[in-house]
Amino acid sequence: MTTVAELEEASRLRTAQFLITHRPWLDLYGVRVRPVAAFGSTNDKTVYDPAHLHRVVPEELLHEIFARMTPYDLGKAACVCRKWRYTIRNPVFWRNACLKAWQLSGVVDNYKLLHSKYEGSWRKMWLLRPRVRTDGLYVSRNTYIRAGIAEWTVTNPVHLVCYFRYIRFLPSDRFLYKNSSQKVKEVAKYMNVRASKADCVYRGQYTLSDDKVEAAVLYSGRRPTVLRIRLRLRGTVAGAYNRMDLVSLVTSGVNENDANSHEEDIFGVVERWQDDETHNPDVPAISHNRGMTPFIFIPFDEVETSVLNLPVDKMDYFVPG
């Protein structure tokens, strides 16, 4: 009888495991956790931290770890716990990030802008000041329908064609540009400074003014052509700047002498041109109104898993957001 009773009790307990969901956070009710002192606090009172990680890793080591992280990883780490959030608010991290992101402006101009517009907060400057991201690719996915060959009179086949525009901004005033039907994970392998025109990767120049980006790319050849691009930066959240709207896309002819002598400074040649201006009568100025899908930013560590790698039969249209 004892064995039967034990079996019934064990069966009841196994059934209860499926009926009752274990909620470990309920054990925290009524437990008072002492807050962590904020960065820069004048309180000298020692605060005991019950977390094992915080007792094992000293403050100096934690500071060195955060100092080697990118600003975007710092934002993720700040969501882990209260202590990490307070530690990451250290202005040293954000000062280094800002001076690196806007190194072309110079240290003096950055400090002047910091106090005049961002109330002396490097973190606020990082979140609110527009910038182009250099840790990945800006990708514009475009599709169009092309008529196929009618094999029978009763059918009219069509093809959905997909192609991409790729832009990689460099820390200087240069960028790399490529048009291709290849997926993101394939193009990211050779979108670097060692890429050549054999890879159909072209070098151009750009300028950034507030949230407006103006860029120019030279296609050299028998009839030199320049591609002029106007973009507007924005972000899905504050400080992300992971979207770029394509405002205008214009191709124009360039004089051969200008193309040969100013190949590395083509933006200085076409900077003040009008949209309908061309300097080669064989190449008219054309303002394009197709393929104007906004660019989205993909970090290098996400190019393999990006949804933009999906074929057309699995994702016929993509909404950038």
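The model is predicted, so local features need pLDDT of at least 70 and side-chain atom pairs count only at pLDDT 80 or more, while totals for chains, interfaces and linings use all residues. Residues are numbered from 1 along each chain as its sequence is written, and side-chain values use heavy atoms, with hydrogens and water left out.

Let's start inside. In soluble globular proteins, nonpolar side chains tend to be buried together. A nonpolar core here is a set of buried Ala, Val, Leu, Ile, Met, Phe, Trp, Tyr and Cys residues joined through side-chain atoms within 4.5 Å. Buried means under 20% relative accessible area, exposed means over 50%, and partly exposed is in between (1.4 Å probe, protein chains only).

The largest nonpolar core has 21 residues. Tyr138, Ile167, Phe169, Phe175, Ile229 and Leu231 have the most contacts inside it. Which strands supply at least two residues each? They are β2, β3 (174-180), β4 (202-209), β5 (212-219), β6, β7 and β9 (295-299). β6 gives the most, with four residues. Strands (E, at least two residues) and helices (H or I, at least four) are DSSP runs, numbered from the N terminus.

Now the charges. Side chains of opposite charge can pair when their charged atoms come close. We call it a salt bridge when a side-chain nitrogen of Lys or Arg is within 4 Å of a carboxyl oxygen of Asp or Glu. How many turn up in the whole structure? The search finds eight.

Take Arg234 and Asp245. Their closest N and O atoms are 2.9 Å apart. Arg234 lies in strand β6 (residues 225-234) and Asp245 in strand β7 (residues 243-253), so the pair ties together parts that are eleven residues apart in sequence. Arg234 is partly exposed, at 28%. Asp245 is partly exposed too, at 23%.

Next, Lys124 and Glu119. This salt bridge spans 3.3 Å, N to O. Lys124 is partly exposed at 29%, whereas Glu119 is exposed at 65%.

A further salt bridge joins Asp211 and Lys212, at 3.6 Å. Asp211 is partly exposed at 24%, and Lys212 is partly exposed at 46%.

On to the surface. Patches are made of residues with over 30% relative accessible area and no salt bridge; like charges are joined within 9 Å, and nonpolar side chains (Val, Leu, Ile, Met, Phe, Trp, Tyr) within 5 Å. Accessible areas come from the Shrake-Rupley method with a 1.4 Å probe, and for residues only the protein chains shown count as cover.

Arg82, Arg85, Arg89 and Arg123 gather in a patch of positive charge. Lys and Arg count as positive, Asp and Glu as negative; His and the chain ends are not counted. The place of a charge is NZ of Lys, CZ of Arg, CG of Asp or CD of Glu. Arg123 sits in helix α8 (residues 122-128), and is partly exposed at 34%.

Ile145, Val158 and Leu160 make a nonpolar surface patch of about 290 Å². Leu160 belongs to strand β2 (residues 158-169). Its relative accessible area is 36%, so Leu160 is partly exposed.

Last, the backbone. Most residues other than glycine have a negative phi, and most peptide bonds are trans. Asp210 has a positive phi of about 55°. Asp210 is in the loop between β4 and β5, and is exposed at 53%. Tyr241 has a positive phi as well, near 50°. Tyr241 lies in the loop between β6 and β7. Is Tyr241 buried or exposed? At 10%, Tyr241 counts as buried.
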